[in-house]
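Here's a quick briefing to read alongside the coordinates. Have the viewer open and follow along.

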Amino acid sequence: MSVRDIDLDPDKAFGIGFPLNYDRESYGFFKANFTYYEQIQDNIKTLLMTAEGERPGVPEFGCRLKEVVFEQNEPAILKPQVEEAIREALDTFLPFVSLNETKLEENGNTLNIVAQFSTEFNEEIVLSLDLPGGDFSSY
């Protein structure tokens with residue numbers, strides 16, 4: 001069964017959604033992603049918000065985005081580092097996803113990253129990440 005077939009079938013799920021939450025409305029324990037767009041968005045966010053070495057059993061999984069947290073919060077300076085970290089992670093773990101554009105904004109101690117991605121099945125996937133200065137307890 002192809003990705004398009006699964007995407008068009010409302011009874012087939014691609015996987016579980018993140019963050020993991022109990023969902024009383026759905027069949028099963030966790031919220032399920034029923035579209036390719038939802039699943040790939042969750043996959044990208046999981047990859048980018050996981051630091052290399054953080055995942056037990058797969059220490060190479062993740063992205064170097066958290067390394068920029070302690071850099072000077074200057075979007076013009078950080079943009080090349082952020083784009084390089086995202087592209088490296090995508091090339092390794094999600095090679096079918098392309099980074100199209102990134103926009104960085106400084107908001108106090110938080111670096112806001114809005115990135116646009118594409119795959120062969122979706123023209124555009126927009127994802128917004130907030131990297132708080134040094135505090136990742138909310139992720």
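A strand here is a DSSP run of E with at least two residues, and asparagine 33 sits in one such run, strand β2, which covers residues 32-33. Keep in mind that this is a predicted model.

**The chain overall**
- The protein chain has three helices and five strands, and going from the N terminus they come in the order α-β-β-α-α-β-β-β.
- There are 139 residues in the protein chain, and 35% of them count as buried.
- If you take contacts in the protein chain with a separation of 6 or more, 38% of them are between residues 24 or more positions apart.
- The protein chain exposes about 8600 Å², with carbon and sulfur atoms supplying 49% of that area.

- Is asparagine 33 buried or exposed? Its relative accessibility is 1%, and the cut-off for buried is under 20%, so asparagine 33 counts as buried.
- The side chain of asparagine 33 has a polar contact of 3.0 Å with the side chain of glutamine 39.
- The side chain of aspartate 42 also makes a polar contact with the side chain of asparagine 33, at 2.8 Å.
- Leaving out residues up to four places away in sequence, asparagine 33 touches Ala13, Phe14, Gly15, Ile16, Gly17, Glu38, Gln39 and Asp42.

**Helix α3**
- The buried residues of α3 are Pro75, Leu78, Val82, Glu83, Ala85, Ile86, Ala89 and Leu90.
- What covers these buried residues of α3? The cover includes α2 (36-49), β3 (98-107) and β4 (110-118).

**Arginine 87**
- Arginine 87 belongs to helix α3, which runs over residues 75-93.
- With a relative accessible area of 37%, arginine 87 is partly exposed, because that value falls between the 20% and 50% cut-offs.
- How far apart in space are arginine 87 and leucine 99? They are 12 residues apart in sequence, and their C-alpha atoms are 6.8 Å apart.

Methods. Residues numbered from 1 in each chain as written. Predicted model: local features only at pLDDT ≥ 70, side-chain atom pairs only at ≥ 80, totals over all residues. Heavy atoms only, no water. Helix = DSSP H or I, 4+ residues; strand = E, 2+ residues; numbered from the N terminus. Buried < 20%, exposed > 50% of the residue type's maximum accessible area, 1.4 Å probe, protein only. Contact = heavy atoms within 4.5 Å. Areas by Shrake-Rupley, 256 points an atom, 1.4 Å probe, with all protein chains shown as cover. Polar contact = N/O pair within 3.5 Å; in protein donor to acceptor, adjacent residues only side chain to side chain.
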